[in-house]
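Here is a quick tour of a two-chain model. Have a look at it first, and then we'll walk through the chains one at a time.

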Amino acid sequence: MEDLKRTLKQQIIDSLNLQGMKPEEIDDNAPLFGDGLGLDSIDSLELMVLLERNYGIKIEDAREGRKILTSVQTMAEYIQQHRKI
Amino acid sequence: MKQLLYISAACSISPQHTYDAENFLRPVVTSDSSKLYSLDADYSKYISPVAIRRMSRILKQGITAGMKCLEDAGVKTPDAIIIGTARGSVTDMENFLKDMINMQEEALTPTGFIQSTYNSVNGWLAMLTKCTGYNQTFVHRGFSLELCLLDVQLLLAEATETKHILAGGFDELTEEYFTIRNKIGHYKDHPLDSFSLLSHYHTPGSIAGEGAHFFTLSNENKNAACAIYSVKMLQTPGSEELQSSIQGLLSENGLTNEDIDILVCGMNGDSRNHFLIDPLIAGCSGNTTIVTFKQLSGEYDTASGFGLWLTNYLFTHRQVPAELIYKQGASDKIKNILICNVTIANCVAVILVKSARP
């Protein structure tokens with residue numbers, strides 16, 4: 001799980017072009033949107049593409065997506081249970 | 001229709017030191033790769049860190065040049081935003097297309113698509129300035145900027161009160177874009193120092209360039225150094241047609257050849273333009289000083305924006321830098337400047353700019 005979270009953080013940094021940020025600077029439980037990383041709606045689309053490309057996970061339901069994309073922790077938990085790649 | 005466009009402010013991000021105009025030509029930036037890329041500016045002054053991470057270079061340059069142009073004119077929210085670009089953000093388009101191929105049209109990221117649309121810069125500028133007025137993008141290759149200026153003329157001609165319009169043009173150079181245009185013979189097939197471009201006038205092709213040039217245009221003179229009087233476009237004209245169009249434009253404005261103090265000539269060093277450029281230069285009066293700019297900007301579809309920025313610079317600084325002079329004329333005034341831009345595809349634009357100072 002720790003390895004997955006570290007990899008996921010690096011993938012988030014790369015796909016969202018979070019320049020100058022390192023994986024260890026992202027708190028596992030900090031919110032990705034709003035106060036935490038301060039991501040926006042376009043980033044949420046990028047994160048959904050990230051899940052599909054890297055883990056074969058397709059999020060169809062927007063409400064479910066909102067829960068999955070709450071933090072790195074929630075994303076990692078979902079990936080662990082549903083990954084196809 | 002005669003609607004003057006007073007240039008309240010101008011800002012350019014180009015391969016030269018134009019963003020900080022006080023250092024223009026100090027030094028002249030050159031290249032021996034047949035490519036002139038724009039110099040970076042401090043984009044973070046106008047674009048938030050959250051937004052900037054998603055933007056390609058040309059988006060950052062277009063937005064920054066537009067915002068600084070408004071700031072220099074003292075305008076927070078323009079009445080309209082009108083921009084010309086031949087290609088939009090080429091980098092984003094290339095990224096999106098490569099993604100489509102690599103991912104077999106599945107799981108495509110939205111950023112490349114959103115930012116690659118031609119009107120991205122317009123949209124960002126509108127959001128940053130809270131401008132809900134007229135917003136238009138002209139995409140017409142070598143006439144993109146000129147059509148934008150014509151639209152500004154039309155809009156201001158209808159205005160009954162003072163209006164400030166942000167207008168401009170931008171185009172981007174990428175490695176792939178260079179490769180494609182190089183294959184169709186748009187660029188010199190031998191290496192050369194970019195500043196010596198015009199001495200290679202006997203061979204076909206030019207050098208590639210890019211830039212973002214913005215102008216705050218108004219129907220009222222508020223400390224403007226100059227105003228655009230006429231814009232004329234000619235698609236692949238013959239030499240005689242060009243000559244007679246220029247004479248017509250001058251006489252419409254009560255001028256003759258002798259009244260033109262400076263010709264800002266957008267010759268691009270391509271031997272295939274000889275038949276237009278040579279008679280144009282030969283037809284100039286002895287009064288007229290001829291200055292050139294494509295050895296500084298490179299050739300691209302909205303390069304006339306560099307010429308217009310340079311024209312405003314000449315009116316503002318009231319002297320012609322020696323590095324730009326192709327032929328010295330007798331006139332020591334700077335009252336009337338004619339811009340004549342010729343693209344590789346032989347689109348010719350003629351713009352008459354006159355001093356706005358008494």
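At what angle do helix 1 and helix 4 of chain A pack, and how far apart are their axes? Helix 1 (residues 2-16) of chain A and helix 4 (residues 72-82) of chain A pack at about 115°, and 10 Å separates their axes. Axes here are lines fitted to C-alpha atoms, for helices over the stretch in contact, and angles run from 0 to 180 degrees between N-to-C directions. On the helix 1 side, A:Leu4, A:Lys5, A:Leu8 and A:Lys9 meet residues of helix 4 that include A:Met75 and A:Ile79. By class, this contact has 6 nonpolar, 1 polar and 2 charged residues. (Ala, Val, Leu, Ile, Met, Phe, Trp, Tyr, Cys and Pro count as nonpolar, Asp, Glu, Lys and Arg as charged, and the others, Gly among them, as polar.)

Some ground rules. This is a predicted model in which local features need pLDDT of at least 70 and side-chain atom pairs count only at pLDDT 80 or more, while totals for chains, interfaces and linings use all residues. Residues are numbered from 1 along each chain as its sequence is written, and chains are lettered from A and ligands numbered from 1 in the order in which they are written. The model scores ipTM 0.76 and pTM 0.93.

Chain A has 4 helices and 0 strands, whereas chain B has 11 helices and 11 strands. Helices (H or I, at least four residues) and strands (E, at least two) are DSSP runs, numbered from the N terminus.

| Chain | Buried residues | C-alpha box |
|---|---|---|
| Chain A | 24% of 85 residues | roughly 30 × 25 × 20 Å |
| Chain B | 50% of 358 residues | roughly 65 × 55 × 35 Å |

Buried means that 20 or more other C-beta atoms, placed from the backbone, lie within 10 Å of the residue's own. Chain A has a radius of gyration of 12 Å, which agrees with the value near 12 Å for a compact globule of 85 residues. That radius is taken over C-alpha atoms, and the globule rule is 2.2 Å times the number of residues to the power 0.38.

How do the chains meet? Across the interface, 8 residues of chain B are in contact with 12 residues of chain A, where contact means C-beta atoms, placed from the backbone, within 7 Å. Helix 4 (residues 110-116) of chain B gives the largest share of the chain B side, 3 residues. That side has 4 nonpolar, 2 polar and 2 charged residues.

Note on methods
A residue is buried if 20 or more other C-beta atoms lie within 10 Å of its own, exposed if 12 or fewer, and partly exposed in between; C-beta atoms are placed from the backbone. Two residues are in contact if their C-beta atoms, placed from the backbone, lie within 7 Å.
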